[in-house]
Amino acid sequence: MTALSALFVRDIKLAVRVGGGAGIGVLFFLIVVTLTPFAIGPDLNLLGRIGPAILWLGALLASLLTLDRLLTADAEDGSLDLILTGGTPLELAVAVKALAQWLTTGLPLVIATPFFGLLLNLDLRTSTAVALTLLAGTPALTFIGLIGAALAVSLRRGGLLLAVLVLPLTVPVLIFGVAASNAAIVGPLPFGTPFTILCALTLVAMVLGTFAAGTALRHAME
Amino acid sequence: MPIIDLANPTRFLSLAERALPWLAGTTAIAFAIGLNLAWTAPDDYQQGATVKIMFIHVPSAWLAMGCWALMSIAALGTLVWRHPLADVAAKAAAPIGAALTLLCLVTGSLWGRPMWGAYWVWDARLTSVLVLFLMYLGVIALWRTVDDPARAGRAVAILTLVGAINLPIIKWSVDWWNTLHQPASVVRLGGAAIHPTILWPLLMMALAFVLLFVTLHLAAMRNEILRRRVRTLMLMQAQAAPGSGA
């Protein structure tokens, strides 16, 4: 347990103290949100209608930013070898790393969402609903991304390929995230139906991502 | 036991050399019969001649999914049983699967234009097959990025197994969501909902496509084994070269 909490604290500290983590993610998110009205024109009604989708797309892309360093950095400096040879189960260790990653990159996106919603002509109620769906959905993105991050260890030069591998797997999360956000604005579906499916997807991604990443790392470090 | 026998690549190669001409011949005959049946099949009373696109579309769609299933079994072979030919089979299958998925998508849109009035609609089944195509491309990209085939094989195996979740989504997307794409009509409870004059040509074409897939896959596996041998020989040559330092 102490090993896991030490790992957790270390990852949080690294993310906060080394530049290029949470701040860059939120900044990238803001830029995506800013670029969209330039592309489709400043029609407030249209923006209000597709706002949740833009916020989801921005968060999805922003959550990919720091993924390729999540495990490759540890593989390079040797700490991954220590985690592998240590007594802690590898699956728990990567789960803790993913949790720390989500707290430092996913959660800031969720917190920023209500403010960015103002730029897209979303009222407070809608923005809160989108933030709630992102709160439920971004862990799924992180844990699906964890699989890609583990595969990137054996790639050595990941980068763009990582996004190509991970993005198709995130389609269900995106569908139900946006569906739940839209249900909150216009209906006719109740908010609860897509939202509970979104929560289920997150839970499945947590289990699947952890075990797949563990297996991938064991094979990569052989 | 035959699976274990085939673990020896040399034995596999000799078997492939003997089987390939026969397979290619049978495939040609099956296509001749199938295409002839499809050509003479009656036009649909609503769709007219466009119904004939289905004789290409449906078999390629079945095989596009079957190919990923085969890659998933090969992935298990790589990760669990460490069968030496499993990753060769998986690697050889990926481009064929991608081509079949593309064929399925293209024929589908050509049919959709006169029938639905659009080349593409964002329907659950179409979207999930498009995702399948993207995943095939991702798998191929992953194979090409890692130099060492054994390392690449294990990484791809994990990605393939994770991606296999998409298969049931494609299969039942027409039942779960109320889609524009028609529901299953050949394999279903209570028998096929297709008239025999169209069903038999379809089944013959499906058989021809399966034979084509087996032929191409076997040939691609043979090529991959030979390619790996060439790679090993070149590595050995480079190590033995004077002045290499090692």
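**Exercise 1. Determine how many helices and strands chain B has, and in what pattern they follow.**

Solution. Chain B contains 8 helices and 0 strands, where helices (H or I, at least four residues) and strands (E, at least two) are DSSP runs, numbered from the N terminus. Along the sequence the pattern is α-α-α-α-α-α-α-α.

This is a predicted model, in which local features need pLDDT of at least 70, side-chain atom pairs count only at pLDDT 80 or more, and totals for chains, interfaces and linings use all residues. Residues are numbered from 1 along each chain as its sequence is written, while chains are lettered from A and ligands numbered from 1 in the order in which they are written.

**Exercise 2. State what share of the residues of chain B and of chain A count as buried.**

Solution. A residue is buried if 20 or more other C-beta atoms lie within 10 Å of its own, exposed if 12 or fewer, and partly exposed in between, with C-beta atoms placed from the backbone. In chain B, 33% of the 246 residues count as buried. In chain A, 47% of the 222 residues do.

**Exercise 3. Describe the elements and the dimensions of chain A.**

Solution. Step one: chain A has 10 helices and 0 strands. Step two: its C-alpha trace spans about 55 × 35 × 30 Å along the principal axes.

**Exercise 4. Find which residues join helix α4(A) to helix α7(A), and how the axes cross.**

Solution. The axes of α4 (residues 67-77) and α7 (residues 124-155) of chain A come within 8 Å and cross at roughly 40°. Axes are lines fitted to C-alpha atoms, for helices over the stretch in contact, and angles run from 0 to 180 degrees between N-to-C directions. That angle makes α4(A) oblique to α7(A) (under 35 degrees is roughly parallel, over 145 roughly antiparallel, 65 to 115 roughly perpendicular, the rest oblique). From α4(A) the contact takes L67(A), D68(A), L70(A), L71(A), T72(A) and A75(A), and from α7(A) it takes G145(A), G148(A), A149(A), A150(A), A152(A) and V153(A). Two residues are in contact if their C-beta atoms, placed from the backbone, lie within 7 Å. By class, the residues of this contact are 8 nonpolar, 3 polar and 1 charged (Ala, Val, Leu, Ile, Met, Phe, Trp, Tyr, Cys and Pro count as nonpolar, Asp, Glu, Lys and Arg as charged, and the others, Gly among them, as polar).

**Exercise 5. Identify which element of chain B gives the most to the side that touches chain A.**

Solution. In total, 14 residues of chain B are in contact with 17 residues of chain A. Two or more residues come from each of α5 (124-145) and α6 (149-163) of chain B. The most come from α5(B), with 7 residues.
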